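Please look over the sequence and the structure below before reading on.

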Amino acid sequence: MLTPPRTVVRREAGLYALERALQRRGFRHVAGADEAGRGACAGPLVAAAVVLPEGRRGEIDGLADSKLLTPASRERVYEEVVARALAYTVVVIPADEVDARGLHVCNLAAMRRALASLTTRPEYVLTDGFGVDGLGVPGLAVWKGDRVAACVAAASVLAKVTRDRIMVELGGVFPAYGFAEHKGYITPEHTAALREHGPCREHRFSYVNVATISGRDGRPPRSRRPVGPGPDEPMERSWAAGGTVGVALGEQPRPPAPVGEDVVMEGGVR
C-alpha cells in the first residue's frame with residue numbers, strides 16, 4: 001500500500017494545507033469524514049464524508065468547523081459543499097440503533113459506511129478524532145480535524161446541517177421536548193421536559209440521564225429501550241434512517257458497504 005513520505009504541516013498554514021500536502025505526494029482524492037450528535041441524548045447520529053476537488057474550486061469561502069459557524073453560515077456553506085464536492089455521502093443512524101449497538105460502534109460504522117459509499121474512491125482518508133479501518137486506503141485520525149482539514153470541516157457541516165434539520169422536524173412531531181431549539185443535547189430545558197413528560201422513542205435509553213428518568217437505569221445499556229413506541233407516538237419516520245446518501249455532480253451512489261463491528265463502548269454521555 002502506498003504511504004506518503006514524512007511531511008510536516010503546521011496548523012497555522014491554513015485549513016487546506018494538509019490536503020494540499022497529500023495531493024502533492026500523489027493522493028489526488030482526499031476524503032474527510034466527521035459526525036454530529038455523539039453528545040446528544042435524543043435524535044440520530046449523523047456521519048458524512050466529502051471529497052473536495054483540487055485547486056481553487058475546492059476552496060469554499062467561510063468553510064470552518066461547523067460548531068464555529070452560525071446556523072445561517074452553516075446553511076450557506078452546506079449548499080456550497082454540495083455544489084462543489086466531487087462526491088459526498090450522509091449516513092443517518094437512528095436512536096434505537098445507537099441503543100442496540102453502542103455509541104462508539106455506531107460512530108465508526110457510520111463513518112465507514114459514508115466513506116465506502118463515495119462514488120469518487122478516496123486515495124487517502126482524514127477523519128476527526130477516530131481512525132476508521134477496513135477501507136483499503138491509508139488514512140489518518142486528526143485531533144480536531146474539523147479545524148485542521150477542509151474536507152473534514154466540509155463533512156462536519158453536512159453532518160451538522162442534516163442532523164439539525166431532522167431535529168427541527170422531530171420538534172414538530174414531539175413538541176413537548178423543544179428539539180428544534182436544543183437539537184437533543186442535554187440542556188436544562190431538555191432535562192426539565194424529560195422529567196415532566198418522560199422520554200419518547202427518539203431518546204437514547206442507553207444514556208444514563210434518559211435511563212434514570214425512565215426508571216430503566218438498573219438494566220445494561222443495550223436492554224434499556226422499551227419494546228415498541230409509546231401509545232401516542234407514530235410508528236413511521238418521515239426521514240430516511242440508516243443510510244441517506246447524496247452524491248454531487250450527477251454521479252450515482254454505490255450501495256452502502258456492509259457495516260462492520262468494532263470495539264464496543266456502551267452508552268457514553270457528554
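A disulfide is a pair of cysteine sulfur atoms within 2.5 Å. The model shown here is predicted, and by this rule its count of disulfides is zero.

Next comes strand S2, which covers residues 45–51. Is S2 mostly covered or mostly open? It is mostly covered, since seven of its seven residues are buried. Leu45, Ala47, Ala49 and Val51 point one way from the strand, while Val46, Ala48 and Val50 point the other way. Both sets are buried.

Strand S2 has pairing partners. With S1, strand S2 pairs in the antiparallel sense over six bridges, and Asp34 stands opposite Ala48 of S2. With S3, strand S2 is joined by seven bridges, and these two strands also run antiparallel. In this second pairing, Leu45 stands opposite Ile93 of S3.

In soluble globular proteins, nonpolar side chains tend to be buried together. In this model, the largest nonpolar core has 34 residues, and Val50, Leu63, Leu158 and Phe179 are those with the most contacts inside it. At least two residues of this core come from each of strand S2, helix H2 (71–84), strand S3 (87–93) and helix H5 (150–173). Helix H5 gives the largest share, eleven residues. Apart from this core lies another, of 27 residues, with Ala49, Ala110, Leu135 and Tyr207 among them.

Which residues does Phe179 contact, leaving aside its neighbours within four places in sequence? They are Ala42, Met167, Leu170, Gly171, Phe174, Gly184, His190, Cys200, Glu202 and His203.

The last stop is His29, in the loop between helix H1 (17–24) and strand S1 (30–36). Is His29 buried or exposed? Buried means under 20% relative accessible area, and His29 has 19%, so it counts as buried. Not counting residues up to four places away in sequence, His29 touches Val51, Leu86, Thr120, Arg121, Pro122, Glu123 and Tyr124. One of these, Val51, is a buried residue of strand S2.

Note on methods. Residues numbered from 1 in each chain as written. Predicted model: local features only at pLDDT ≥ 70, side-chain atom pairs only at ≥ 80, totals over all residues. Heavy atoms only, no water. Core = buried A, V, L, I, M, F, W, Y, C linked by side-chain atoms within 4.5 Å. Buried < 20%, exposed > 50% of the residue type's maximum accessible area, 1.4 Å probe, protein only. Helix = DSSP H or I, 4+ residues; strand = E, 2+ residues; numbered from the N terminus. Contact = heavy atoms within 4.5 Å. Pairing = 2+ DSSP bridges.
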